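Dear colleague,

I am passing on the structure that we talked about, and it is placed directly below. My notes on it come after that.

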Amino acid sequence: MRWEHWRARLHDARPWLALIGLWLLFELPSAVQADGLSLRDVRPSGDVLLLCSVWALAHAQPFGRFVRPLLRVVAGVLVWFRLDCAVCAALMRQAPVLYDQAFLLPHLGVLIKDLWSAWLALGLGAFVALIALGARAARRLTGVFAGVLAPQRLQRTRGVFAALWCALVLSTLWPLLLGSSARYVHWVSVELAQSVTESLRIRRSIEHNLLTTPYSGYDAITLQRRPRVLFFFVESYGRMLTSDPALARPWLRELASMEHDLSRRGWHFASAYSEAPVSGGRSWLAHASVFTGTRISHQALFQRVVADRPGAAPSLVRFLRRQGYNTVLLAPGDSERLGVPIVNYYGYNQALRAQQLHYTGPGFGWGTIPDQYSVTYAQDHYLRGLPEASLVVFNLVSSHAPWRRVPQLMNDDRSVDAYRRQVRQPSRPGGSGPSAASAIVSALESYSRTRPRWNGPMTAHLPAAYLRSVIYDLELIRRYLRDQSGDTLVVVMGDHQPPLITAPEADFDVPIHVFARDRTLLHELFARGFSASLHPHPRYPTVVRHEALFSLLVRTLVRSCAPGVPMPPLLSRGARLDP
């Protein structure tokens, strides 16, 4: 008798359990995090209740057969946008902007092609299968939920819906009334509307472009002294290295060793943290922000400011070229790809891509060509005879995610066979440099004892591999600078924080290190808050933004190399795009 009672109660509750099931299906993307699955961001969904309410009202009406397909389309769009939000939050820690994503579609295809593997194919197949299963489950749950519209249940259904709407409205408005940033209800439709509004704002801003440029006066500057300028962008070199002692200790130890070594060879240093416009990817936007002195955080802005007029926009490269510098780009990660043409965006005198490096060895990670090979080959075949008044930009790629195979530094760095031997017989992590090896061993020992709070089971191995890749590039730069002589200014910086392993609440900061043989070249940086060392304290404040570096570096050169020339202003937030 008791069993029959509970069975009847369960049968009565089936439609409402189906509503809970629909809510869980809709909210499932909220559980997707960079480090695995988590329920911390799962909330009641206002959109599910709204869709179900409209569906119930139209169910028995003559126009219901027109409303139901429309609701399916709306639900599909909201689910797609919900997935989009989850992916953008996990990888780039930004809300998606639809207008911007239209420009990024070709790059998404290129990224999938570059990272293509059996595991990626399996993952994409599983994703498609989950979407199909979710759609089928939603259809069945909707059929079960239709039971609430049975005539004998209508009165109770009205009461339950009224109670749910009261709770939903109260939960939505209560934080707003209190001025709190907490959100107890997810409204994906509101987030979608915000994305559309932001898309329209960006489009208006782009259409007006830069109405005035504060950099036009740079054309009147003449440098009487022209030191060589070297620019190293270390891929994904971010401040998250300071987030856990297992990463911070070996990284700071490497920098201290590097400073001790190079200071004996006449180098001086200045370091700080710079705020990047992006996180987790889109390195070219970070590079554009540095070179053009404009905060370029969206692909649409890059398209209008840089891509639509290559070499024409004011930039650090163009400024130095006008001073008589020979400008060279080394970009081993760039190659001809369908949908993404090779373009000399900043007007370099010479651009060295993958094709010019003639690498035939095994691939290492996303960038394929190990940075040591790229730098050595470029130095041997292209850079050795450059005049002192040269700008060389190195876009390093070996620290690019997903860090599946990190190369090791070698003494026989010109031999492709040596890289093949690395793949067949991997040696100890960290390469041949003793400081790198000790740092990596220390890091791995730390990881065996502790697990950072942001490091979930799906990414437990990634921070150690990421650390190896960063130390590999720092060691490579150390070796390269040992052989440099003469009047030289060197900038080593990250482009953005790494994907997958950066905590959601982390900032967008990256380390920046400046080297010079003449310490007077660093005085402007010291005046702006840079520390006089190679290893800033992990809690050192952010003193600069990427878009401020153009004006800051020009001021640095004017202060030391153009006596009598008025100092141009420091644009701490770069040039402004007028809406």
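Predicted model: local features only at pLDDT ≥ 70, side-chain atom pairs only at ≥ 80, totals over all residues.

Residues are numbered from 1 along each chain as its sequence is written, and side-chain values use heavy atoms, with hydrogens and water left out.

A search of the whole structure gives 21 aromatic pairs (rings of Phe, Tyr and Trp, its six-membered ring, with centres within 6.5 Å; planes under 30 degrees apart count as stacked, over 60 as edge-to-face and the rest as tilted). One of them is the tilted pair of Trp80 and Phe81, at 6.3 Å centre to centre with 55 degrees between the planes. Phe81 counts as buried because its relative accessibility is 1%, while Trp80, at 45%, counts as partly exposed (buried is under 20% relative accessible area, exposed over 50%, partly exposed in between, with a 1.4 Å probe and protein chains only).

The charged end of Arg239 sits over the ring of Tyr273, 3.7 Å from its centre (NZ of Lys or CZ of Arg within 6 Å of the ring centre and within 35 degrees of the ring normal). Tyr273 also stands opposite Pro511 in strand E9 (strands are DSSP runs of E, at least two residues, numbered from the N terminus). Strand E4, residues 268–275, pairs with E9, residues 509–516, in the antiparallel sense over eight bridges (pairing needs at least two DSSP bridges), and six of the eight residues of E4 are buried.

Best regards

Definitions and conventions
Helix = DSSP H or I, 4+ residues; strand = E, 2+ residues; numbered from the N terminus.
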